[in-house]
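I opened this notebook to record what I looked up in one structure. The entries follow the order in which I consulted it.

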Amino acid sequence: MEKLVLYVGVSPKPYYGCNYWYVDELGETKAKTFVWVKMGRHDTLQMVYVDSVKWCTIEKAPYNYEKARRVIRQATEEESEIAKKEWSEGQLFL
């Protein structure tokens, strides 16, 4: 049986719909939530919005498994509430 991997499509503020792909090693991320990742050339730690999640085999992954960055952690409820307020101000409609 082939290993299934959870890929998470995320958007950094305010770029809703960008879909950068990250691997969630724990397999617990849900769509329409927030997670912490390192993003960009300087590996800046930031909270991003999860547009979509996709279970797939390594061979059929949307991005190379070995090169893909990883989700660091799920955002807390408090962090998520703050982000929802900030992002809903004309930038992201949840």
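The entries below go from the overall make-up to single residues.

**Entry 1: ground rules.** I note that this is a predicted model, in which local features need pLDDT of at least 70, side-chain atom pairs count only at pLDDT 80 or more, and totals for chains, interfaces and linings use all residues. Residues are numbered from 1 along each chain as its sequence is written, and side-chain values use heavy atoms, with hydrogens and water left out.

**Entry 2: the chain as a whole.** Helices (H or I, at least four residues) and strands (E, at least two) are DSSP runs, numbered from the N terminus. Along the sequence the pattern reads β-β-β-β-β-β-α. Of the 94 residues, 34% count as buried; buried means under 20% relative accessible area, exposed over 50%, and partly exposed in between (1.4 Å probe, protein chains only). For contacts (heavy atoms within 4.5 Å), I took those between residues at least 6 apart in sequence, and 63% of them join residues at least 24 apart.

**Entry 3: strand S1.** Which strands pair with S1? Two strands pair if DSSP finds at least two bridges between them. S1 (residues 4-11) runs antiparallel to S4, with eight bridges, and Val-10 stands opposite Val-50 in S4. S1 is also antiparallel to S2 (residues 20-24), through five bridges, and here Val-8 stands opposite Tyr-22. I then checked the cover of S1: seven of its eight residues are buried.

**Entry 4: nonpolar cores.** A nonpolar core is a set of buried Ala, Val, Leu, Ile, Met, Phe, Trp, Tyr and Cys residues joined through side-chain atoms within 4.5 Å. The largest one has ten residues: Leu-6, Val-8, Val-10, Tyr-22, Val-35, Val-37, Met-39, Val-48, Val-50 and Val-71. S1, S3 and S4 are the elements that give two or more residues to this core. Apart from it lies another core, of seven residues, including Phe-34, Met-47, Ala-75 and Ala-83. In soluble globular proteins, nonpolar side chains tend to be buried together.

Setting aside neighbours within four places in sequence, I find Val-71 in contact with Val-8, Tyr-22, Val-23, Asp-24, Thr-29, Val-35, Trp-36 and Val-37.

**Entry 5: rings.** How many aromatic pairs are there? Rings of Phe, Tyr and Trp (its six-membered ring) pair if their centres lie within 6.5 Å; planes under 30 degrees apart count as stacked, over 60 as edge-to-face and the rest as tilted. By this rule I count one aromatic pair. Phe-34 and Tyr-49 form it edge-to-face, at 5.5 Å centre to centre and with 65° between the planes. The partners are 15 residues apart, Phe-34 in S3 (residues 34-39) and Tyr-49 in S4 (residues 44-57). Both Phe-34 and Tyr-49 are buried.

Another ring has a charge over it: Arg-70 lies over the face of Tyr-65, 4.6 Å from the ring centre. The rule requires NZ of Lys or CZ of Arg within 6 Å of the ring centre and within 35 degrees of the ring normal.

**Entry 6: backbone angles.** Lys-32 is not a glycine, yet has a positive phi of about 65°. Lys-32 sits in the loop between S2 and S3 and counts as exposed because its relative accessibility is 61%. Asp-43, also not a glycine, has a positive phi of about 50°. Asp-43 belongs to the loop between S3 and S4, and its 40% relative accessibility makes it partly exposed.
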